[in-house]
Amino acid sequence: MMSNMNVLSTYGDRWQSSLHWQPSAPQQQAFQQLYEAILAANQQVNLTRITTPEGFWEKHLWDSLQGIEPWLSNSDATAKALKVVDIGTGGGFPGLPVALVFPHWAIALIDATRKKIALLETVCETLAIANVSFLPQRAEQVAHQPLHREAYDLALLRAVGPANTCAEYALPLLSLGGQAVLYRGQWTAAEEAGLLAILPRLGGQLVEVRSQTTPLTQGTRHNVILTKAERTPDKFPRLPGIPAKTPLV
Ligand code: SAH
């Protein structure tokens, strides 16, 4: 079902002014279709509380893509066929907007809630999004499977837990030199110190912390970018539930 009105195109100019990037007309259309499909799916399983056009545009579309701004503006990086994993994707964020913008990237969506992943599969089928795969499992399990361990160039995590928990999920999945983006709201010196203290144990390094202001409501965002410098010891991630219950200190 295609609607003839693209409510999200109202925000078209905001991409350029905030991210120095612009979706193509087909991408704008795909965003609108994603919005409608997520709203429809949301009737069956609670995927998101954000349902207004402006909320969806800012907090799902814009926010998902602002985290990969360095990749949006780097033609070298965008030319590569990256293997990406979205850990704790929920309603498909940030993974699905990233999949629409980079059709030559392969995006694996991980979520522990099988129902959410099943619904995302239906959404992708409906919208003919072909560069996405689905892993209805805990990140701690996926990260010990040979097919997935050290297999990804880029890991994305939004609203999945404390930074140290996210680092323990993400670093085992990254290949050497791969990067993780932790999507955060506020970011404190204490969080940064806590993360720096544990990264060496996981083979990780902090690359940079980038800050952004959301264009419609002037909210604060921080993206914490990690890289894998050394192999992660086999004992990480620890057993399912432990990284969240007892983050590394
Ligand atoms: N990233 C989405 C959803 C955030 S809610 C967004 O920002 O909108 C957090 C999601 O992570 C939930 O759907 C939950 O099921 C999933 N999750 C939490 N811990 C997980 C783990 N260890 N492995 C896999 N999924 C996890």
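## Two cis peptide bonds

Pro-94 sits in the loop that runs between β1 (83-87) and α6 (95-101). The structure is a predicted model. The peptide bond leading from Phe-93 to Pro-94 is cis, with omega near 5°. Phe-93 also belongs to the residues that come nearest to the ligand.

A cis peptide bond also joins Phe-236 and Pro-237, and here omega is about -5°. Pro-237 is part of the loop between β7 (220-228) and α11 (242-245). Most peptide bonds are trans, and most residues other than glycine have a negative phi.

## Two positive phi angles

His-20 is not a glycine, yet its phi is positive, about 55°. This residue is placed in the loop between α1 (12-19) and α2. Is His-20 buried or exposed? Exposed means over 50% relative accessible area. His-20 has 56% relative accessibility, so it counts as exposed.

Ala-159 is another residue other than glycine with a positive phi, near 60°. The loop between β4 (152-158) and α9 (163-170) contains Ala-159. With a relative accessibility of 75%, Ala-159 counts as exposed.

## The ligand and its surroundings

There are 16 residues around the ligand, and those that come nearest are Gly-88, Phe-93, Asp-111, Ala-139 and Arg-158. By type, the residues of this shell are six nonpolar, five polar and five charged.

Which parts of Gly-88 and the ligand lie 2.7 Å apart? They are a backbone N or O atom of Gly-88 and a nitrogen atom of the ligand. In Asp-111 the side chain takes part: one of its N or O atoms is 2.7 Å from an oxygen atom of the ligand. The side chain of Tyr-169 has an N or O atom 3.1 Å from a nitrogen atom of the ligand. On its own the ligand has 570 Å² of accessible area, and the protein covers 81% of this.

## Nonpolar cores

In soluble globular proteins, nonpolar side chains tend to be buried together. The largest nonpolar core in this model has 46 residues. Those with the most contacts inside this core are Trp-15, Phe-31, Leu-34, Leu-65, Ile-68, Trp-105 and Leu-154. Helix α2 (residues 25-41) gives the most to the core, namely seven residues.

Leaving aside neighbours within four places in sequence, Leu-65 is in contact with Trp-15, Leu-19, Trp-21, Phe-31, Leu-72, Pro-97, Val-98 and Val-101.

Ser-175 is found in strand β5 (residues 174-184). Buried means under 20% relative accessible area. Ser-175 has 18% relative accessibility and therefore counts as buried. Beyond its neighbours within four places in sequence, Ser-175 is in contact with Glu-150, Ala-151, Tyr-152, Asp-153 and Lys-228.

A polar atom of the Arg-184 side chain lies 2.8 Å from the backbone oxygen of Gly-161.

Note on methods
Residues numbered from 1 in each chain as written. Predicted model: local features only at pLDDT ≥ 70, side-chain atom pairs only at ≥ 80, totals over all residues. Heavy atoms only, no water. Near = heavy atom within 4 Å. Polar contact = N/O pair within 3.5 Å; in protein donor to acceptor, adjacent residues only side chain to side chain. Areas by Shrake-Rupley, 256 points an atom, 1.4 Å probe, with all protein chains shown as cover. Nonpolar A, V, L, I, M, F, W, Y, C, P; charged D, E, K, R; others polar. Core = buried A, V, L, I, M, F, W, Y, C linked by side-chain atoms within 4.5 Å. Buried < 20%, exposed > 50% of the residue type's maximum accessible area, 1.4 Å probe, protein only. Helix = DSSP H or I, 4+ residues; strand = E, 2+ residues; numbered from the N terminus. Contact = heavy atoms within 4.5 Å.
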